[in-house]
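I opened this notebook to record, entry by entry, what I looked up in one structure. Each entry takes up one part of the chain and ends when I have written down what I found there.

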Amino acid sequence: MARSVPPGDFAGTSPVWLREPSDANALVPVLWPRTATKVDGLLHVGGMSVADVVANVNTPAYLLDEEDFRTRARAFRDGFADYDVYYAGKAFLSVAVARWVAEEGLCLDVCSDGELSVALRAGVEPARIGYHGNNKSAMELRRAVHEGVGRIIVDSFHEIERVADVAAQLGVRQPVMIRVTAGVEAHTHEFIATAHEDQKFGFSISSGDAYEAAKAVLTHASLDLRGLHSHIGSQIFDTSGWEVAARRVLALHAQIANELNHAMPELDLGGGFGIAYTTQDDPAEPADLAARITAIVEAECHALRIAKPHLSIEPGRAIVGSSMFTVYTVGTVKSVTLDGGASRTYVSVDGGMSDNIRPALYDADYSATLASRSSDATPVLARVVGKHCESGDIVVKHEFLPGDVAPGDLIAVPGTGAYGRSMASNYNHALRPPVVAVKDGEYRVIVRRETEDDLLATDMG
Ligand code: LLP
């Protein structure tokens, strides 16, 4: 029999940052879309009760607060006012979302032919699209150049030749940027300034490859070298990583201007701005980030005696991450005894690693709340798990949930907007959940739930 754990006595069974909440029903605002509230214990978003929405669309479902998404997009647009802001579609992309991005005045970063298809279907102006990828085929490049994609970020010597040929054949002078690795690896609260040359992306600055890439691009009349591009990582809170990267990238930028006599008009510093997944995260406002990053770039340009290039950034997670959450229905609950006698409550929901692979893939932390009622029961240390055939199928590793959580309850997990639906799979032949946009008391399914027919459509029998 598991002993009942006195409040606060969870040593060794949960991380130190996890605090037992004074009210397990309350929302922690930084984790949720701006319109999310609890009304008599019922989670609401976009002026709608979540229980009402899922009564129609079923669970699991991703709920996307359209107003919140647009507000975050505008905060980047206005905070980084002198920049071009490219929304990184890999975080989450659908036709509706691509349209919102364009309507809010942002550009769009795609990294595959499929993402380009969605952008074009949405009517995004090709000139406002940037195209990434370390292995774009000649066919993919031909399509991008033919459509008039505004910039292609080249990532290898092979690609430079490939895109130059395609552009020459099509009689186009294609704008390109060079993806460089600045030797900075940033993760969350830390960065390493000498690491991360050993990876597939970009041209190394320190080895001289990035300089050679600029030389190679400049030999082609069909290519227009716009600038350098550096992306240092994801879920970053500490701007010192960008500082070191900007210094190294701008030194190369100046070297290309001085030695190759080519002043590049632009510079892209990539994405990676962190969001709150749990109470331990404290993200900065876009305007603060902009002030810090701009100051770094200006100081460096001044020191190098070069004109400041036109800057761009590529936030994905920081726009869509907290705008969306996942709603699940609890199926089973069980308590297990841990070493030392404490207990952990396993709450199994009707989704899992097929709709959020991040805990299994990156050991990512999430939070959760009971969304369909309030409860006065004493909180218990809980683990929200999926219904897949793996013990690593965990949705939320550590959270306090009311001790009376039971089958039929709705559980909502915030922060799943980025790399949730976009990395979802059909593992165990799960049907991928819908994305439901909510706004002003109405909901709209913008990506429908998969059906059994979808699942079997490619199975030739
Ligand atoms: N720009 C480039 C060139 C990128 O490679 C990425 C992300 C971004 C922008 C957007 O980064 P964000 O602002 O969303 O952090 N699947 C992982 C993240 C992979 C990110 C890959 N590149 C995750 O779920 O954490």
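**Entry 1: terms and ground rules.** I began with pairing, because two strands count as paired if DSSP finds at least two bridges between them. Helices (H or I, at least four residues) and strands (E, at least two) are DSSP runs, numbered from the N terminus. I noted that this is a predicted model, in which local features need pLDDT of at least 70 and side-chain atom pairs count only at pLDDT 80 or more, while totals for chains, interfaces and linings use all residues. Residues are numbered from 1 along each chain as its sequence is written, and side-chain values use heavy atoms, with hydrogens and water left out.

**Entry 2: the sheet around β10.** I looked up strand β10 (residues 185-188) and its pairing with β11, which is antiparallel over three bridges. In that pair I found H187 opposite E190 of β11, and I noted that β10 and β11 make a hairpin with one residue between them. With β14, strand β10 pairs in the parallel sense, again over three bridges, and here A186 stands opposite G233 of β14. Put together, the three strands form an open sheet with the order β11-β10-β14 and mixed pairing. Why is one side of β11 and of β14 left without a neighbour in the sheet? I wrote that β11 (190-192) and β14 (233-236) are at the edges and each has a single partner strand, so one side of each has no neighbour there. The twist from one strand to the next averages 20°, where axes are lines fitted to C-alpha atoms (for helices over the stretch in contact) and angles run from 0 to 180 degrees between N-to-C directions.

**Entry 3: the sheet β1-β2-β3.** I then found an open sheet of three strands in the order β1-β2-β3, with antiparallel pairing. Its edge strands are β1 (37-39) and β3 (48-49), each of which pairs on one side only. Strand β2 (residues 42-45) joins β3 in the antiparallel sense over two bridges, and M48 in β3 is the bridge partner of V45.

**Entry 4: the loop between α1 and β4.** I checked N58, which is found in the loop between α1 and β4, and saw that its phi is near 75°, a positive value in a residue other than glycine. For cover I used relative accessible area, calling a residue buried under 20%, exposed over 50% and partly exposed in between (1.4 Å probe, protein chains only). N58 counts as partly exposed because its relative accessibility is 47%. P60 lies in the loop between α1 (50-57) and β4 (61-65), and the peptide bond from T59 to P60 is cis, with omega near -10°.

**Entry 5: helix α2.** I looked up helix α2 (residues 66-79), whose 14 residues reach 20 Å from the first C-alpha to the last, close to the expected 20 Å; the expected span is 1.5 Å times one less than the number of residues. Among its buried residues I listed F69, R72, A73 and F76. For contacts I took a polar contact as a pair of N or O atoms within 3.5 Å; within protein, one must be able to donate a hydrogen and the other to accept it, and residues adjacent in sequence count only if both atoms are side-chain atoms. D65 caps the N-terminal end of α2, with a side-chain oxygen 3.2 Å from the backbone nitrogen of E67.

**Entry 6: the ligand.** Which residues are closest to the ligand? I found 18 residues surrounding the ligand, the closest being S234, E314, R358, Y362 and Y419, where a residue is near a molecule or strand if one of its heavy atoms lies within 4 Å of it. A polar side-chain atom of E314 is 2.7 Å from a nitrogen atom of the ligand, and a side-chain N or O atom of Y419 is 2.7 Å from a ligand oxygen atom. Taken alone, the ligand exposes 580 Å², of which the protein buries 86%; accessible areas come from the Shrake-Rupley method with a 1.4 Å probe, and for residues only the protein chains shown count as cover.

**Entry 7: H253.** Last, I looked up H253, which is found in helix α8 (residues 240-259). H253 counts as buried because its relative accessibility is 4%, and its side chain reaches the backbone oxygen of M264 at 3.4 Å.
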